[in-house]
Amino acid sequence: MITYSNKIKEIAKRLLKECRAEMVIGFRKGSIPMMNEPCFVRTDEQADDLVWDSHCGINLANYLTSRDEKIAIVAKGCDSRNIVNHIVENKINREQLYIIGVPCQGMVDKRKILAQTEGEVLQITETENGQITVKSANGEKTFSKSDVIQQNCSVCIQPNPVLYDEMVADPVQGQTDIDQFADVRALEAMSTEEKRAYFDELLAPCIRCYACRNACPLCYCPTCFVDESKPQWLGKSQDIMDIKTFHFLRAYHCAGRCTDCGACERACPVGINMRILTKKLNKDCLDLYDWQAGMSIDKRPALDVYQTNDPEKFIK
Amino acid sequence: MKNLLELMGVEPDRIHFSWISSAESTKFVQVVNEIAEKVKALGPNRHFVKQEAKVA
Amino acid sequence: MKVIKIDKAQFADGYKALQKVYKLFGPVKEKAFYNFKELVDGRQADLSFQNTRLSPKSIVFPQSEDMFTYTLDEASKDANQLKPVPEKNESRAVIGIRPCDAKAISLVRMNFDTQEYKDPYWLNLFNATTFVGLACDSPCQSCFCTTAGCGPYHEDGLDILLSDQTDHFLAKELTDKGAKLMKAAGWKTKATAGLEDKKKTAESKITAKISTDNLSGADTLALYNANFWEDASFACINCGTCTFVCPTCWCFDIQDEVHAKNGKRMRNWDSCMFPIFTVHTTGHNPRETKLHRVRQRFMHKLKYFVDKYEKGIMCVGCGRCVSQCPVNIDIRKISELMNKQASKNICAVQK
């Protein structure tokens, strides 16, 4: 990871010096364990702040929307897929970007660590061979990284950037033969009543802070449907029906666009796995249209095109 | 659309899609009757209906 | 001020007695984290918690709250009249509120309970509630209460302060409300020891700091126009997490909701992080960018409030926003930047 960080600093400095970019978007070291802060750097000195480790889960494509500078951006696999989305949806031009590709080995799930650690987490360190050591108020504990990465990382099909100008290291071995959608299928198999109960429980803790929506690079509408007041589509209280409507409709807006980067779930302060909704749509897009979002800038999204062989079983 | 609604716990028979040309009156009647029958069998929808908001 | 000793073995009996008189609230563990909940069916507060995910402000300031109802149904005798919602004034008690959260409620009170205006909804709930605090002997790494005008044994806003002494609690009665609760619980054994020793130990455990000493004298416009805001606000995604988990954030939005011929007016928490918070009916938004909004949040807490009330900052150092922010925006860092800028002692006109 230190080699990644050093390489990123080196590339950033070179790009700034050569005027290839006005700013470099990346991460700087966070002020608490397991957190890093997205940042931009414009100078050599600032470039020394750039880091890379297993706590860079926030999707940086989010910070590109409608910017007009020439930007270099650090991107792992999912970030690069969302950059592709942004280019396809005209939110940024390819020519504006210099993509510094990072082969990703998965991001640590803060919640998994906290759930398995006694006492407050004080420090976390990672070795090159995938061991994570957590120092807490009550002692030390070592985890195997694969046990504590985010669920979306454990079923990730694209750890390497799909689009880049330069890589910081050789690509990592991607996963094959993984079952991406086991959780969706388990839910599909439930009865109607069970499904309702599942979502009642899932969404009950929601406080409508909209961190899931705002952490998502797909959610760039100037005014979101939940904020719209003329007409007002949705009540703003803690009424469970309004909460559900928000989550369900948000998911629909991500159909055929979601890369399952996990930013929404990661950002949620109350630990809701709202990814189950977008994953269902991802699964349908794959089954029905053989489509996965953000894999190529030359392809139009599944819901953007009509093909004569589009499935129409649902039409009577 | 229908798939996610189904996942959320809306009975599949509540949602129907059909292409009917303006000249296909017989088909229209037939489809509407079929839908009505299916929805009647399910009874009134009591979920996913916003009642008066219940808050603290 | 009496100090009472409560054996932990006696605690359950006291609870039972209290539950007859008070509607009780306390920290309980839900799946992965703690939150304050109403304690129903004899459920006890779990006092082994470190900090709750959400602050207990919702006990006096619910996230969504009815203000009044109305009906347009001419058949009803109340047609076209505003009907106040029944006052919620049954006795309530919060068991185990942290001193920081209690202090936060007394800060919020400066807004809801003023000479000119008294917010009936907030005050009804506040007056009906007895606050039983639990001193904080193992503060989190992200806590900075001692430099935020608060502390692990701070008493402001509390009616009783409990201190855990392994096999018993020491309870310091701070107000009449508190004495009444102690009586109702039947806890009356006078203690011989005080809370001072543990207070010192707890305070010494808090290492995180917030620097605010230069802020009150600083020129507001110079701070407002400081050039660190772009860098400091870049990461912000403008979600409402910090404001919703914050015990001192009090902003709300008023909404009417109509169902058939009946309607109600309610208020819901709002957040200065949301663009819609300041949109005018003309469509103009004076806080158009996230830089404006992030700056507003910190300027309000660390500067405007300081100047308006002269009671310190509007932050109690609970650390929730620090640990919950999805992009690691840290009020301690921002305050440091602001304080440093303030130390330069420049005023905007001289710049």
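## Worked exercises on a predicted model

Chain A holds twelve helices and nine strands; these are DSSP runs numbered from the N terminus, helices being H or I with at least four residues and strands E with at least two. The model is predicted, so local features need pLDDT of at least 70 and side-chain atom pairs count only at pLDDT 80 or more, while totals for chains, interfaces and linings use all residues. Residues are numbered from 1 along each chain as its sequence is written, and chains are lettered from A and ligands numbered from 1 in the order in which they are written.

**Exercise 1.** Work out what the globule rule gives for chain A and compare it with the radius of gyration.

*Solution.* Start with the rule: 2.2 Å times the number of residues to the power 0.38, with the radius taken over C-alpha atoms. For 316 residues that gives 20 Å, and the radius of gyration of chain A is 20 Å, so chain A is as compact as a globular protein of that length. Then look at the box: along the principal axes, the C-alpha atoms fill roughly 60 × 50 × 45 Å.

**Exercise 2.** Check the length of helix H12(A), then find what it packs against.

*Solution.* First, the span. The expected value is 1.5 Å times one less than the number of residues. H12(A) has 15 residues (275-289), which should span 21 Å; the end C-alpha atoms are 20 Å apart, which agrees.

Next, burial (20 or more other C-beta atoms within 10 Å of a residue's own, with C-beta atoms placed from the backbone). Among the buried residues of H12(A) are A:Leu277, A:Thr278 and A:Leu281. The buried residues pack against H6, H7, H10 and H11 of chain A, together with helix H1 (2-8) of chain B.

Now zoom in on H10(A). Its axis lies 9 Å from that of H12(A), at an angle of about 35°; axes are lines fitted to C-alpha atoms over the stretch in contact, and angles run from 0 to 180 degrees between N-to-C directions. A:His247, A:Phe248 and A:Ala251 in H10(A) meet A:Leu277, A:Thr278 and A:Leu281, contact meaning C-beta atoms within 7 Å.

Finally, step off the end: A:Asp290 follows H12(A) with a positive phi, near 50°.

**Exercise 3.** Describe the hairpin of E10(C) and E11(C).

*Solution.* Begin with the pairing, which needs at least two DSSP bridges. E10 (252-259) and E11 (262-269) of chain C run antiparallel over eight bridges. C:Val258 stands opposite C:Gly263. Two residues lie between the strands, and C:Ala260 takes a positive phi near 50°.

How values were computed. Buried ≥ 20, exposed ≤ 12 C-beta atoms within 10 Å, placed from the backbone. Contact = placed C-beta atoms within 7 Å.
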